[in-house]
Amino acid sequence: MLDVCLLGCSGMMPLPRRWLTAMMARYNGSNLLIDCGEGTQIAIKNKGWSFNPIDVILITHFHADHISGLPGLLLTMGNAERKDPVTIVGPKGVEKVVNSLRVIAPELPFELKFIELNEKIEKLSLCGYNITAFKVNHNVVCYGYTLEIERKGKFSLEKAESLNIPKRFWSLLQNGEKVADGDKEYYPEMVMGPKRKGIKVCYCTDSRPLGIISEQAKNADLFICEGMYGEKDKIAKAKEYKHMTFYEAAKLAKEAEVKEMWLTHYSPSLLKPELYMKDVKKIFKNSVPGKDGKSVEINFEEE
Ligand SMILES: [Zn+2]
Ligand SMILES: [Zn+2]
């Protein structure tokens with residue numbers, strides 16, 4: 001099971017009742033945060049989720065509304081007596097940018113590890129999350145992220161019994177381990193079926209629409225996508241500032257055939273995203289206007 005929370009849904013600046021766009025995932029005791037603008041730690045606190053298990057922080061790009069909250073969050077994690085290292089992933093230069101911000105948060109009781117993204121598409125495996133970073137089209141280098149949770153194949157009792165594999169090895173094989181018993185060796189493939197459909201979440205802000213976004217979001221359980229503008233006549237602005245309208249986001253969701261799409265990163269001038277949803281839903285039915293603290297629990301499909 002994967003928990004996902006859209007911590008805030010504002011773009012550019014936090015507003016009194018709208019924190020900046022960021023997302024937190026919880027899986028198997030390990031939390032992953034995407035983006036950390038000013039006030040993100042307050043949004044986390046509002047949601048009641050904890051800081052201490054944040055093992056991975058993915059940064060989309062180096063605009064203040066996506067990273068300026070980082071030194072404060074790291075200090076809070078330090079005060080919560082975090083000891084384990086935290087991995088920070090971001091575009092080329094992320095280590096330098098974070099270390100510059102850390103001039104005001106120099107002493108932390110845990111180590112920071114950095115992964116710099118250089119390629120158009122990069123795959124990482126961290127804390128049980130399979131992460132794909134993909135370059136999008138903004139006015140600075142920016143990445144979208146796909147998170148996937150793999151699901152193992154089914155354990156076959158019949159196979160285990162017919163191969164006379166001792167019961168005490170079953171759970172090891174289920175965990176993907178090879179087992180040696182005297183001169184006999186047992187492999188997970190002997191008793192495990194093919195991988196089953198896992199869980200997939202795609203997060204993309206800030207960008208113009210691109211083919212790679214719908215490719216990466218393909219069949220996702222949840223697609224969180226920026227929608228800076230709801231007003232149709234703001235398309236020129238969206239193009240100029242390299243953002244999207246609600247309708248462009250809905251078109252990507254439709255192409256990607258996702259289960260559900262949440263809009264986020266609203267312009268501060270956009271006060272009521274709900275007003276535009278009728279037309280957005282004509283393009284993609286399962287479009288939802290994101291709200292601060294909106295969360296969902298995504299489970300593996302029943303069989
Ligand atoms: Zn932004
Ligand atoms: Zn930006």
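Author: Donors are N, O and S atoms within 2.8 Å of the metal. The model discussed here is predicted.

Reader: How are the donor residues of the zinc ion (ligand 1) spaced in sequence?

Author: In this predicted model, the zinc ion (ligand 1) is coordinated by Asp65 (OD), His66 (NE2), Asp206 (OD) and His265 (NE2), at 2.1 to 2.3 Å. His66 belongs to helix H2, whereas His265 lies in the loop between strand E14 and helix H10. Written along the sequence, the spacing of the donor residues is D-H-x139-D-x58-H.

Reader: Is the site of the zinc ion (ligand 1) tetrahedral or irregular?

Author: Four donors count as tetrahedral if all angles lie between 85 and 135 degrees. The angles among the 4 donor atoms here run from 95 to 161°. The site of the zinc ion (ligand 1) is therefore classed as irregular.

Reader: Which residue bridges the zinc ion (ligand 1) and the zinc ion (ligand 2)?

Author: The two zinc ions lie 3.5 Å apart. The residue that bridges them is Asp206.

Reader: Are Asp55 and Arg82, which form a salt bridge, buried or exposed?

Author: The closest N and O atoms of Asp55 and Arg82 are 2.7 Å apart. Buried means under 20% relative accessible area. Asp55 has a relative accessible area of 17% and Arg82 has 3%, so both residues count as buried.

Reader: How many residues apart in sequence are the parts that Lys232 and Asp279 tie together?

Author: The side chains of Lys232 and Asp279 meet in a salt bridge, 2.9 Å from N to O. Because Lys232 lies in the loop between strand E13 and helix H8, and Asp279 in helix H10, the pair ties together parts whose separation in sequence is 47 residues.

Notes: Residues are numbered from 1 along each chain as its sequence is written. Chains are lettered from A and ligands numbered from 1 in the order in which they are written. This is a predicted model: local features need pLDDT of at least 70, side-chain atom pairs count only at pLDDT 80 or more; totals for chains, interfaces and linings use all residues. Side-chain values use heavy atoms; hydrogens and water are left out. Donors are N, O and S atoms within 2.8 Å of the metal (3.2 Å for Na, K and Ca); water is not among the atoms, so sites may look incomplete. Four donors count as tetrahedral if all angles lie between 85 and 135 degrees; four count as square planar and six as octahedral if opposite donors are over 155 degrees apart and all others between 65 and 115; anything else is irregular. Helices (H or I, at least four residues) and strands (E, at least two) are DSSP runs, numbered from the N terminus. A salt bridge is a side-chain nitrogen of Lys or Arg within 4 Å of a carboxyl oxygen of Asp or Glu. Buried means under 20% relative accessible area, exposed over 50%, partly exposed in between (1.4 Å probe, protein chains only).
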